[in-house]
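Dear colleague,

I am writing to hand over a structure that may be new to you. Please find it below, followed by an account of what was found in it.

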Amino acid sequence: MKEIDELNEVVKEADEELHKVNDLNDLQQKKAIYLGKKGPIARIMAGMKSLTDEAKRELGMASNKVKDLLENMFEKKKSDLEEAIVNQKLVNETIDVTLPGVQFPAGGIHPLYQTVMELEDLYIGMGYKVAEGPEIETDEYCFEKLNLPKGHPARDMQDTFYINPELLLRSQTSPVQVRTMLESKGEPIKIICPGKVYRRDSDDATHSHQFMQCEGLVLGSDITMADLKGALLEMARKMFDKDREIRLRPSFFPFTEPSVEVDVSCGMCGGKGCPTCKGTGWIEILGAGMVNDNVLRMSGYDPEKIQGYAFGIGVERIAMLKHRIDDIRNFYTNDIRFLNQFKEEK
Ligand code: PHE
């Protein structure tokens, strides 16, 4: 029967076509052509009407067989293609574990933070605790409770970034003292508070609108200026070298009375006088003093029973002297060549 020959012809043709197919989309399209309603099998079957019943049955059976056969051929090709895709993926994803690895450069600790860590270690060793406070402060804690009422001329010394009349970026770490005193309710205190502070300064080699301080506060009975001097001399000798001397000069801070400015002997010339110390043999490193009675009273302390000292170290100042850095901006411009010099060796 010619229809059966035609069906066999379709199988042969489909087989040849299948050999050329090499992706799943293509396969899907070919399958739709061969087995679809408008495909060759459907067309052959459509011409069946004129045949005898016997021939119809025979052709019907033959066409079902061919359909099954084609289905199987397409199914087989599909699984072959899928397997090939998986194999290709496996080949592509093979990892050569013998290749050298990629080295990610490790970061280091910023020189300023290294200085803070050294200060913390040193003061913790002397029995101090580390306290922290917010960088956005209230005018009350940053000034009022430190004996700087509104309109006080010393407020100009700390030209401040105000957010609104009550809130500001702290211009000193001293408000952390106020917070600690209020929390401690008249009890003795021995803390340092390192942190960032902000002032409306034009940036140059020695000024930055953002810098770091490390404030200290010690309150107890019978604490004197001699204790303050001891704590500062110890700091100077541990941070620089064991032969350093310190010098206290009278000064003024609204929150301390008496107040001093503290110099350390110049490490460049050993105190003889050189350009670094402007010929004086001394370099100023911090402000300090005995806590003013008003400050004590405002935060709930009775100056008759408890007194003490406070100091405010300029962290950049210490780091610059220690590492002989001549421009404060180096700390904040993130030049990797600068920062890499402070990386600890592994
Ligand atoms: N807070 C002062 C300043 O920023 C420094 C200081 C702290 C002075 C504590 C005395 C006592 O200038």
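The notes below go through the domains, the surface patches, the salt bridges and the backbone.

Please note that this is a predicted model, in which local features need pLDDT of at least 70, side-chain atom pairs count only at pLDDT 80 or more, and totals for chains, interfaces and linings use all residues. Residues are numbered from 1 along each chain as its sequence is written, and side-chain values use heavy atoms, with hydrogens and water left out.

Domains

The protein chain is assigned domain 1 (2-92) and domain 2 (111-342); such bounds come from an automatic or database domain assignment. The centres of domain 1 and domain 2, taken over C-alpha atoms, are separated by 88 Å.

Surface patches

Patches are made of residues with over 30% relative accessible area and no salt bridge, where like charges are joined within 9 Å and nonpolar side chains (Val, Leu, Ile, Met, Phe, Trp, Tyr) within 5 Å. Accessible areas come from the Shrake-Rupley method with a 1.4 Å probe, and for residues only the protein chains shown count as cover. Lys and Arg count as positive and Asp and Glu as negative, while His and the chain ends are not counted. The place of a charge is taken as NZ of Lys, CZ of Arg, CG of Asp or CD of Glu.

D5, E6, E9, E13, D15 and E16 make up a negative surface patch. Of these residues, E6 belongs to helix 1 (residues 2-20); helices (H or I, at least four residues) and strands (E, at least two) are DSSP runs, numbered from the N terminus. E6 counts as partly exposed because its relative accessibility is 32%; the term buried means under 20% relative accessible area, exposed over 50%, and partly exposed in between (1.4 Å probe, protein chains only).

A nonpolar surface patch consists of I109, Y113 and M117, which together have about 260 Å² of accessible area. Y113 is located in helix 5 (residues 111-125) and is partly exposed, at 44% relative accessibility.

Salt bridges

Over the whole structure, 25 salt bridges are found, a salt bridge being a side-chain nitrogen of Lys or Arg within 4 Å of a carboxyl oxygen of Asp or Glu. One of them joins the side chains of E17 and K20 (3.4 Å, N to O). Both residues lie in helix 1, three residues apart, about one turn of the helix. E17 is partly exposed at 21% relative accessibility, whereas K20 is exposed at 59%. A network of salt bridges links E17, K20, D26 and K30.

In another salt bridge, the side chains of K145 and E140 meet (2.9 Å, N to O). K145 is buried, since its relative accessible area is 15%, while E140 is partly exposed, with 38%.

Backbone

Most residues other than glycine have a negative phi, and most peptide bonds are trans. The peptide bond from E257 to P258, however, is cis, with omega near -5°, and P258 lies in strand 7 (residues 256-265).

D222, a residue other than glycine, has a positive phi, near 60°. D222 sits in the loop between strand 5 (210-220) and helix 8 (225-239), and counts as exposed because its relative accessibility is 68%. R324, which is not a glycine either, has a positive phi of about 55°. R324 occupies the loop between helix 10 (315-323) and helix 11 (336-339).

With kind regards
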